[in-house]
Amino acid sequence: MVSVPRLVIAAPASNSGKTTVATGLMAAFAARGLAVSPHKVGPDYIDPGYHSLATGRPGRNLDAYMCGTDLVAPLFAHGSAGCDLAVVEGVMGLYDGASGQGELASTAQVAKLLKAPVVLVVDASSQSRSVAALVHGFASWDPQVRIGGVILNKVASDRHEALLRDALDESGLPVLGVIRRAPQVATPSRHLGLVPVAERQSDAVDAVRAMGERVRAGCDLDALMALARTAPALPDEPWAPAYAPAQGSRPVVAVAGGAAFTFAYAEHAELLTAAGAEVVTFDPLRDEKLPTGTAGLVIGGGFPEMYAPELSANEPLRRAVTELALSGAPVAAECAGLLYLARELDGKPMCGVLDAEARMSERLTLGYRQAVAVSDSPLAVAGTRMRGHEFHRTVLEPAAGNTPAWGMHQPERRVEGYVQRGVHASYLHTHWAASPEVARRFVEHCRALPAR
């Protein structure tokens, strides 16, 4: 049984202040000395970075589309083990989920799977008595979703607050916080959302501290903790990566990190370690060689388009990556990794492992995908079905090699990505917790190669 007090922070719509409130709550409770477990509904990589900064623990995603509904509670239990409180930030509006698939992957669905009370963050900037109708509608839409209270955001004045409180008295839901309209906490955005923590360093620390102070000043933390404690125990076993029996030396798997490659799910490194690998992080912006003994390479998502000149200027590392790929070593590249392996990005030379060119585009490609592996690779055997997510404003030409990585079945039929030698490169982000055999297969391929 899992008995961690927990809250889901949701909103009627995007841009209501969920990230500010959720991150601020994490920071405020952590400042009280509590061990706070941070979670994010959906595939987003950026918000968990701020959550991690607020709590000192890995930010973890709960995605019912990519991982399936059966894994949501076990993954939550894994991440929150030993904690005093868990805070789960929602995605979009409370009832918004995978396009055209009902409640799937919505914040409401995750709240039900976790049996967690919901705190509704409402942008009150342009309403007074109408707030009661809005809250009543959200609270009554699905009786299985338990909204335990409201935090009013962007409140203009004492008079405005009084009007809002009077209206909500009729709703029966308590006001658990009031946050005044104020200049935005410094969390700058760009073409794919917030700027990641790794790129902002001390500015991000200041931003998270400011969020914590605003929430602590405006919210009833004791009442919120009391609400979190009403969540019943979950009868789910925590998810855990299956450890492979010792088979001699542990192959080194180098994982790209640093400011240009910030997108990664914490479970991936845990799965690689459990499969028998020694996971070593390196920074393609700073390191001129791969970690000693590298037998496999994982290059996840991020923003290489923001650092194309610097990545290009690091010729020693580009050569090392190319040599590793040409040797047949396993290389798994997602989105940013795909661009880094291309011949060039926005006219700047990259690794040249793939005979393709990448450039920025005005068009945002965003959404869940259903995919099937087209051919055997170090990640999957042909015919393996996986679910994933695309999120980019770049275009790769050609989009697929002679041996594509994936055949897509949603929203349209197409092939995408590259499989050549040991390289599997694609725009598709996947969550390996849903398919742990991916990590085991990858490490087995690393182990099969002669030591470098």
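## Salt bridges

Across the whole structure, a search finds 19 salt bridges. A salt bridge here is a side-chain nitrogen of Lys or Arg within 4 Å of a carboxyl oxygen of Asp or Glu. The model is predicted: local features need pLDDT of at least 70, side-chain atom pairs count only at pLDDT 80 or more, and totals for chains, interfaces and linings use all residues. Residues are numbered from 1 along each chain as its sequence is written, and side-chain values use heavy atoms, with hydrogens and water left out.

Side chains of opposite charge can pair when their charged atoms come close. Asp142 sits in the loop between α5 (130-141) and β6 (147-155), and Lys112 in helix α4 (residues 107-114), so the pair ties together parts that are 30 residues apart in sequence. Helices (H or I, at least four residues) and strands (E, at least two) are DSSP runs, numbered from the N terminus.

## Helix α1 and its partners

Helix α1 (residues 18-31) packs against helix α2 (residues 46-55) at about 20°, and their axes are 8 Å apart. Axes are lines fitted to C-alpha atoms, for helices over the stretch in contact, and angles run from 0 to 180 degrees between N-to-C directions. The angle makes α1 roughly parallel to α2. Angles under 35 degrees count as roughly parallel, over 145 as roughly antiparallel, 65 to 115 as roughly perpendicular and the rest as oblique. The α1 and α2 crossing is right-handed, a term for the near helix being turned clockwise from the far one by less than a right angle. From α1, the contact (heavy atoms within 4.5 Å) uses Thr19, Thr23, Met26, Ala27 and Ala30. From α2 come Asp47, Tyr50, His51, Ala54 and Thr55. By class, the contact of α1 with α2 has 5 nonpolar, 4 polar and 1 charged residues. Ala, Val, Leu, Ile, Met, Phe, Trp, Tyr, Cys and Pro count as nonpolar, Asp, Glu, Lys and Arg as charged, and the others, Gly among them, as polar.

Helix α1 also packs against helix α8 (residues 202-218), at about 85° with axes 7 Å apart. That makes α1 roughly perpendicular to α8. Residues of α1 in this contact include Thr19, Thr23 and Ala27. On the α8 side are Val208, Met211, Gly212, Val215 and Arg216. The contact of α1 with α8 divides into 8 nonpolar, 5 polar and 1 charged residues.

## Helices α3 and α4

Helix α3 (residues 69-80) and α4 cross at roughly 65°, their axes coming within 9 Å. The crossing is right-handed. Thr69, Val72, Ala73 and Phe76 of α3 meet Gln109, Val110, Leu113 and Leu114 of α4. This contact of α3 with α4 has 6 nonpolar, 2 polar and no charged residues.

## Loop details

Asp376 lies in the loop between β16 (357-373) and β17 (385-397). Leaving aside neighbours within four places in sequence, Asp376 is in contact with Val381, Ala382, Val419 and Arg441. A polar atom of the Asp376 side chain lies 2.7 Å from the backbone nitrogen of Ala382. The C-alpha atoms of Asp376 and Thr403 are separated by 9.7 Å, with the two residues 27 apart along the chain.

Glu397 and Pro398 are joined by a cis peptide bond, with omega about -5°. Pro398 is in the loop between β17 and β18 (406-410). Asp346, in the loop between β14 (344-345) and β15 (348-349), has phi near 50°, a positive value in a residue other than glycine.

Methods. A polar contact is a pair of N or O atoms within 3.5 Å; within protein, one must be able to donate a hydrogen and the other to accept it, and residues adjacent in sequence count only if both atoms are side-chain atoms.
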